[in-house]
Amino acid sequence: MQAFDNYIEQHKDNFIEELKTFCAQPSISATGEGIEKMTEMVRQEMLNLGADVQILEVAPGEPKVVYASL
């Protein structure tokens, strides 16, 4: 557990910047604003982590589901 805590501490600034980027991206399901962009951001982040990623569309015009497995 100490190795995990050390990793988090060493990379916390990167994690905070990444969180700011995601929080700044509009993604409003009621209007659809930014949904495609957010979907792509999450997909790319999961790919960067080495995940297998699928984008699932629940219904036309509805928000997407990003399904990833590591």
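Analyst: We begin with contacts: two residues are in contact when heavy atoms lie within 4.5 Å. The model shown here is predicted. Among its contacts between residues at least 6 apart in sequence, 14% join residues at least 24 apart.

User: Which pattern does the chain follow along the sequence?

Analyst: The order is α-α-β-β, made up of two helices and two strands.

User: What radius of gyration does the chain have, and what would a compact globule of 70 residues have?

Analyst: The chain has 15 Å, whereas a compact globule of 70 residues would have a value near 11 Å. Along the principal axes, the C-alpha atoms fill a box of roughly 45 × 25 × 15 Å.

User: How many of the 70 residues, as a percentage, count as buried?

Analyst: The cut-off for buried is under 20% relative accessible area. By that criterion, 10% of the 70 residues are buried. The chain exposes about 5,500 Å², of which carbon and sulfur atoms supply 56%.

User: How should I read the charged side chains, and how many are positive and negative?

Analyst: Side chains of opposite charge can pair when their charged atoms come close. In this chain there are 5 positive and 12 negative side chains, and the centres of the two sets lie 4 Å apart. A search of the whole structure finds five salt bridges.

User: Where do E9 and K12 lie?

Analyst: Both belong to helix α1 (residues 2-24), three residues apart, which is about one turn of the helix. K12 counts as partly exposed because its relative accessibility is 37%, a value between the cut-offs of 20% and 50%.

User: Which helix holds R43 and E40?

Analyst: R43 and E40 lie in helix α2 (residues 35-48), again three residues apart and about one turn of the helix. The salt bridge between their side chains spans 2.8 Å, N to O. R43, at 25% relative accessibility, is partly exposed, and E40 is partly exposed at 35%.

User: With which residue does E57 form a salt bridge?

Analyst: The partner of E57 is K64, with the closest N and O atoms 3.5 Å apart. Salt bridges that share partners join E36, E57 and K64 into one network.

Conventions. Residues numbered from 1 in each chain as written. Predicted model: local features only at pLDDT ≥ 70, side-chain atom pairs only at ≥ 80, totals over all residues. Heavy atoms only, no water. Helix = DSSP H or I, 4+ residues; strand = E, 2+ residues; numbered from the N terminus. Rg over C-alpha atoms; globule rule 2.2 N^0.38 Å. Buried < 20%, exposed > 50% of the residue type's maximum accessible area, 1.4 Å probe, protein only. Areas by Shrake-Rupley, 256 points an atom, 1.4 Å probe, with all protein chains shown as cover. Lys, Arg positive; Asp, Glu negative; His and termini not counted. Charge placed at Lys NZ, Arg CZ, Asp CG, Glu CD. Salt bridge = Lys/Arg side-chain N within 4 Å of Asp/Glu carboxyl O.
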